[in-house]
Amino acid sequence: MGVSAGFAVLAAFSLLAGLPEGVLALPLGPPWGAASLALDGLSAWFLLLLGMVGACTSLFALGAPPGPARSLPPFPLLLAGMALSLTAADAFLLLLGLGLAALAAGALVAVEHGQAEARMAARRHLILAALAAGCLMPACGLLAGPAGAYDFAAMRGVPPEGWRAGAVLALGMLGAGALAGQLPFAQGAAPGHAAALLSGAMPGLTIYVLARLLADLCGPAQPSWWGLPLLAAGAVSALLGALQALREEDGQSLLAWAGIGHLGLAVSGLGLALAFRGADLGALAGLAAGAALLQALGQGVFMALLVLAAGAVAHTAGSRKLDRLGGLIHAMPVTAACTLIGVLAASCLPPLSGFAGAWLLLQSVLAGWRVGFIGFQLAAAAATVLAALALALVAAAMLRLFGMAFLGRPRSPRGAGAHEVSRPERWAILLPAGLTLLLGLFPGVLLLLAEPALGVLTGRAAAPVRDLALLAGDRPAAYAPLVLALVLALSGGLLAWLLRRRSPLAAARGPAWDGGFIAPPDYLPFGDPLTQPSASGLAQPLRRMLGEPRAARLPSDSTPRLRDWLAGRVGWLPGLTARQGLSLGFGTLVLLLVLLLWPGGR
Amino acid sequence: MALLAGILTQLLHLALMLATAPLVLGVTRWLRARMLGRRGASPLQPFRDLDRLLRKRPVLAENASWLSEAAPQAGLVACMAAAALVPSFAGGMLLAPAGDLLVVVGLLAAARMALLLAALDVGTAFGGMGAARAMSIPVLAEPVLLLCAVSFAILAGTTNLDGIAAAFREGAPGLRLSLALAGAAMLVVALAANARRPVQGPGSLAEPAMLEEAMLLESSGRHLALWEYQSALRLTLWLSLLAALLLPYGMAPAGAGPFAWLLGLLAWAAKIGVLCLALTCFEGASARMRLFRLPGILGLALLLALLAAALLFLGTGPA
């Protein structure tokens, strides 16, 4: 707890007071290169995130009922591993830190090793961790070049070219994907505070690894298309994560997939930043990189908040299944209010912290046409659609989470017996809720703090900020959260005054009207459960409108399904519904435009 | 001086939006009734309804939480803030620099979230059904809206509403096919966002068509008045937004005097009237479709918006 708060203070202090110069050489490491630590803008930004998340989760761990003794040591080890990889100044320590974090997380996932599910999750987690290491290690090797210099300063001196650059890009993306892919398995099985640390800090760590490897170490001279794979991967994973979040009926898994959705948005911001940097659009690159950084920071804090709250719910209401919860807003008022803040922030609503990152991201996607190349412009338009779809889907999934767990009537006797959590746990949930409000109101200050990181990412440190408002474009569009909060407060005050004058009667209580439905019999103390929406029922119209999301299934069973689907669709054209016809038309239009314009747009 | 004019126009604008919202609702209802051959209630009827509802004592369900009390006001406050940011009769209002299209969309999403939370609060069948339906619509509508924003951003160079209106008013982009396509897509989004005709009849209490009404079954008195007022304000806001983006003519430019404001006011009233008439004609002439036809309609709008953006991309290429 003290250590992680120390990280936060150290990072905030170094961002405020200027970064420490040089690197700290450690008297250890492999024979071919001394291990060294350094804290530049990028490291400090993500260390700040790790510190905030670590402080909240450690506080929660203090108040939560103690688990078995074997769950105690991996938690600080996880924190230390993450911090080590964030502050490493050479590839060896970076990988060592990642490995340490992966092992500790694996141990935490396997804490309940009596259950087959937890063993399975731990196994999948370790396989993915090994995959991540297997991709990132050769990527670092390629970056080190023939000289075999593994410290970052030397790596920057020899940026990769030709096929080596392409291989680094592919391996880095694959490795980061494997890092992020551990989340849904790890988060479902780990104890509450560890799951919160993972879901809060792991996406940030993924973004850090991507930014460090692909934006910093590969040098600023990479071409514009360099960002395109990242943009595409980010937008697609945002959509898939959000779709899967809509299907999940387990609170923690829902949050994990929503986290993948948010992470995808941040990754596409990073991809856009690289593309703009390659096209010499410095200001726009700053905008997109700022979007990625703000999104990562905001996401870390509100996801930690939501996962902590889900952990609190799981241990007082006895279940994580949405279909066994309900009505907790009465039993757990503080947790419910904090969760509501987190849910609104995760739905990217103004003026909370999710909206600032999403606004910057959408602004930079909207400016994607300035890369004067028709293929990229169409990709940016498609990314706009995907990002908007993902944002709306995540909002729907978040509403579903809050509506099922906290609103309505209890769905099980155990859930009805829930009570408010202990005082340290409450503080541990209040702390990130307050941080979410604060980060939402002052994104401008944050971006000014992020200037060194923007400098590392885009080569010029100028945050798109004026008077604490975020700005985009040369005829600037602005997002001013403080002004917005003032307007909201003033109109709220005006409305409250008017209502007090015109409508003074206090509300009375009566039985629910429910469209005239008869009162339930006595043996159903919480009403007829069938008259309440279920977790899958709440998502049903949306899933029906979108068509069953085939792509969101796990890849293990998708190949035979694809084959069956193709086989079943021979002679399908006359039987298309309007929606299928339209999506076919949409796809064909995009394809034709790309084909037609490819040579002309160069 | 400019600051004073900005403050004055901002206050006038907000008062105008707040005061005309029930009138817009009343006028559309009256026009619809006339079109169906009925006499119809006076266009001022929504004011009387709201006053009556405000004076009644609201009844809450036994297991309603504080959300049911707070959500109507929170939703209306978000909607009011959005309405303050959308230009109506004059440019250069005090909050014009903060009036970004995406921020307005975000505020409207916040207002919708308040409604959805209130619908789920009591845990009734209708509330859940309405919320499940209502949360699907923005998923389909927001991509279209954002794709339209791409076109506006290319044509006007910004997503600031005042900036877009000024750029279009000065005729910088001229009459363009892409603007027409994006405008058509925006109209569809506006219909979907206000739960209007192709899939939903306003005020219908038949289960297959219920959307907002299903979510409001548990609210009464003051809370119902606030929700209904919010719905009217949202309709006015959307009409005003369409007028500012697609028909920005006659709006008083920034720094103009009271005479230009008066002209702008008249032009705004005429534009809103025309849009109301168009809305009623459309609703009178079209039959209600199933809710699940909505993806098809919005998919068509998405195609139009994509075509608009692609045409513009052709124009911006280095060739």
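**From a proline loop to the chain interface**

A:Pro351 is found in the loop that connects helix H13 (333-346) and H14 of chain A; helices (H or I, at least four residues) and strands (E, at least two) are DSSP runs, numbered from the N terminus. The peptide bond between A:Pro350 and A:Pro351 is cis, with omega about -5°. The structure is a predicted model, in which local features need pLDDT of at least 70 and side-chain atom pairs count only at pLDDT 80 or more, while totals for chains, interfaces and linings use all residues. Residues are numbered from 1 along each chain as its sequence is written, and chains are lettered from A and ligands numbered from 1 in the order in which they are written.

The overall division of chain A comes next. The domain assignment gives domain 1 (1-222) and domain 2 (229-494 + 533-560), with bounds that come from an automatic or database domain assignment. The C-alpha centres of domain 1 and domain 2 of chain A lie 22 Å apart. Their contact takes 42 residues from domain 1 of chain A and 50 residues from domain 2 of chain A; two residues are in contact if their C-beta atoms, placed from the backbone, lie within 7 Å. On the side of domain 1 that touches domain 2, the elements giving two or more residues are helix H2 (41-63), helix H7 (162-189) and helix H8 (192-217) of chain A. Of these, H8(A) gives the most, with 16 residues. By class, this side of domain 1 has 28 nonpolar, 12 polar and 2 charged residues. In this count Ala, Val, Leu, Ile, Met, Phe, Trp, Tyr, Cys and Pro are nonpolar, Asp, Glu, Lys and Arg are charged, and the others, Gly among them, are polar.

H8(A) also packs against helix H11 (residues 282-317) of chain A, at an angle of about 165° and with the axes 7 Å apart. Axes are lines fitted to C-alpha atoms, for helices over the stretch in contact, and angles run from 0 to 180 degrees between N-to-C directions. H8(A) and H11(A) are therefore roughly antiparallel to each other; angles under 35 degrees count as roughly parallel, over 145 as roughly antiparallel, 65 to 115 as roughly perpendicular and the rest as oblique. Their crossing is right-handed, whereas a left-handed crossing has the near helix turned anticlockwise from the far one by less than a right angle, and a right-handed one has it turned clockwise. Among the residues that meet here are A:Gly192, A:Ala196, A:Gly200 and A:Gly204 in H8(A), and A:Ala292, A:Gly300, A:Ala304 and A:Gly311 in H11(A). The residues of this contact divide into 13 nonpolar, 9 polar and no charged.

Another helix pair in chain A is formed by helix H9 (residues 227-247) and helix H10 (residues 251-278), whose axes come within 7 Å and cross at roughly 165°. That angle makes H9(A) roughly antiparallel to H10(A). The crossing of H9(A) and H10(A) is left-handed. Their contact comprises 19 nonpolar, 10 polar and no charged residues.

Chain A also contains an open sheet of 3 strands in the order E3-E4-E5, with antiparallel pairing; two strands pair if DSSP finds at least two bridges between them. Strand E3 (465-466) and E5 of chain A are the edge strands, each pairing on one side only. E3(A) and E4(A) are joined by 2 bridges, and A:Val465 stands opposite A:Leu470 in E4(A). The hairpin of E3(A) and E4(A) has 2 residues between the strands, and A:Asp467 in the turn has a positive phi of about 50°. In the hairpin of E4(A) and E5(A), 4 residues lie between the strands, and A:Gly473 takes a positive phi near 90°.

The last topic is the meeting of the two chains. Here 80 residues of chain A are in contact with 79 residues of chain B. Elements of chain A that each supply at least two residues include helix H14 (353-366), strand E5 (477-479) and helix H23 (578-601). H15(A) gives the most to this side of chain A, with 14 residues. The residues of chain A that touch chain B divide into 49 nonpolar, 23 polar and 8 charged. Strand pairing also crosses between the chains: 3 bridges join E6(A) to strand E1 (residues 59-61) of chain B, and the two strands run parallel. In E1(B), B:Ala61 is the bridge partner of A:Gly510.
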